[in-house]
Amino acid sequence: MEDTEGEEERKELLKMAEDALGRQNLIIDDIMEASKMGRQKRELDLSPVDICKIIADITEPLIPIIEQHEIKLDTLVKENLPKVMANQRQLEHVMRNLMSNAIKFNKRGGQIKVQARRKVNFIEICVADTGVGIEKDNLSNVFDKFFQVNTSTDRSYGGTGLGLSVAKEIIEAHGGKIRVESEPGKGSRFYFRLQIAKDN
C-alpha cells in the first residue's frame, strides 16, 4: 500500500488485507477451540440468547465480502422467535464458520440462505449455499477433524479442516444436533437445532 499511488488500488489492497485478517482470525479461533476437543467434556455457561440478533451480528459484517463475490444473501428469520439456551460466544463461532464456508465454497453469482424457525421445543437454523456441494460418500465425514472435502482442490479454498468438527462439538455440547444435506454442483445445507429457553 505504501508503494501504491492510486487511491482505488490502495483501497483494493486494504480490502484484501482486511479479508485475509478475517480468515486468519477464524483459523486461529478454530485451532484454539480444536485444542480443547477430546480433553474433557465441554461445559458451557448457557443463558437465554436471541438467535435472531446473533444471525444479524454475524451476517451483516460479511455483506461486503458476499457482494464482492456477487453472491445474493437471503435471511429468512421468523418474527418473534423465542430465545434459545446457548453460550453466545460459542454460538457466534458456529454461525461464523458456517457462513464462511457458504461464501468460500459458493460460486460467483450464487446464493446463500440463512433461515431460523421454531419446531416445537427447539429452534432450527439452516445455512444453505449454491456452491460446489459434497459427494454422497463424503457426507458422513464432513464433521471429522481435519477432513477436507476434495484433496485436489482444498488448498485453493484454504482453511484447516477444523471448522465443522468444532461446530459439531459446540452444538452437541449445547445438547443440540447438526447435520448436512448436499448435492455435488448444487450446494449444501447445514442445519442445527437448539433448545428453546424455558422462560419463553
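## Overall make-up

Two residues are in contact when heavy atoms of theirs lie within 4.5 Å. In this predicted model, 73% of the contacts with a separation of 6 or more are between residues 24 or more positions apart.

The protein has 6 helices and 7 strands. Read from the N terminus, the order of these elements is α-β-α-α-β-β-α-β-β-α-α-β-β. Of the 200 residues in the protein, 40% are buried. The exposed surface comes to about 11800 Å², and carbon and sulfur atoms supply 48% of that area.

## Cysteines

A disulfide is a covalent bond between the sulfur atoms of two cysteines. With a cut-off of 2.5 Å between the sulfur atoms, the count for this model is 0 disulfides.

Cys-52 has a relative accessible area of 24% and is therefore partly exposed. Cys-126 counts as buried because its relative accessibility is 3%, and the limit for buried is under 20%.

Ser-182 belongs to strand S6, which covers residues 177-183. Its relative accessible area is 16%, so Ser-182 is classed as buried.

The side chain of Ser-182 has two polar partners to look at. A polar atom of this side chain lies 3.0 Å from the backbone oxygen of Gly-187. The side chain of Ser-182 also makes a polar contact with the side chain of Ser-188, at 2.8 Å.

## Aromatic rings

A pair of aromatic rings is described by the distance of the centres and the angle of the planes. The whole structure holds 1 aromatic pair. Phe-143 and Phe-190 make up this pair, with 6.1 Å from centre to centre and 90° between the planes, which is an edge-to-face arrangement. The two residues are 47 residues apart and the pair links distant parts of the chain: Phe-143 is in the loop between strand S5 (122-129) and helix H5 (154-157), while Phe-190 is in strand S7 (residues 187-195). Phe-143 and Phe-190 are both buried.

The charged end of Arg-179 sits over the ring of Tyr-191, at 4.1 Å from the ring centre.

## Met-85 in strand S3

Met-85 is placed in strand S3, residues 84-86. Its relative accessibility is 25%, so Met-85 counts as partly exposed.

Leaving out residues up to four places away in sequence, Met-85 touches Leu-46, Ser-47 and Pro-48, and also His-174, Gln-195, Ile-196 and Ala-197.

## Helix H6 and the residue after it

Helix H6 spans residues 163-173 and is mostly covered, with 8 of its 11 residues buried. The buried residues in H6 are Gly-163, Leu-164, Ser-165, Val-166, Ala-167, Glu-169, Ile-170 and Ile-171.

Just after H6, Gly-175 has a positive phi of about 85°.

Definitions and conventions:
Residues are numbered from 1 along each chain as its sequence is written. This is a predicted model: local features need pLDDT of at least 70, side-chain atom pairs count only at pLDDT 80 or more; totals for chains, interfaces and linings use all residues. Side-chain values use heavy atoms; hydrogens and water are left out. Buried means under 20% relative accessible area, exposed over 50%, partly exposed in between (1.4 Å probe, protein chains only). Helices (H or I, at least four residues) and strands (E, at least two) are DSSP runs, numbered from the N terminus. Accessible areas come from the Shrake-Rupley method with a 1.4 Å probe; for residues, only the protein chains shown count as cover. A polar contact is a pair of N or O atoms within 3.5 Å; within protein, one must be able to donate a hydrogen and the other to accept it, and residues adjacent in sequence count only if both atoms are side-chain atoms. Rings of Phe, Tyr and Trp (its six-membered ring) pair if their centres lie within 6.5 Å; planes under 30 degrees apart count as stacked, over 60 as edge-to-face and the rest as tilted. A charge sits over a ring if NZ of Lys or CZ of Arg is within 6 Å of the ring centre and within 35 degrees of the ring normal.
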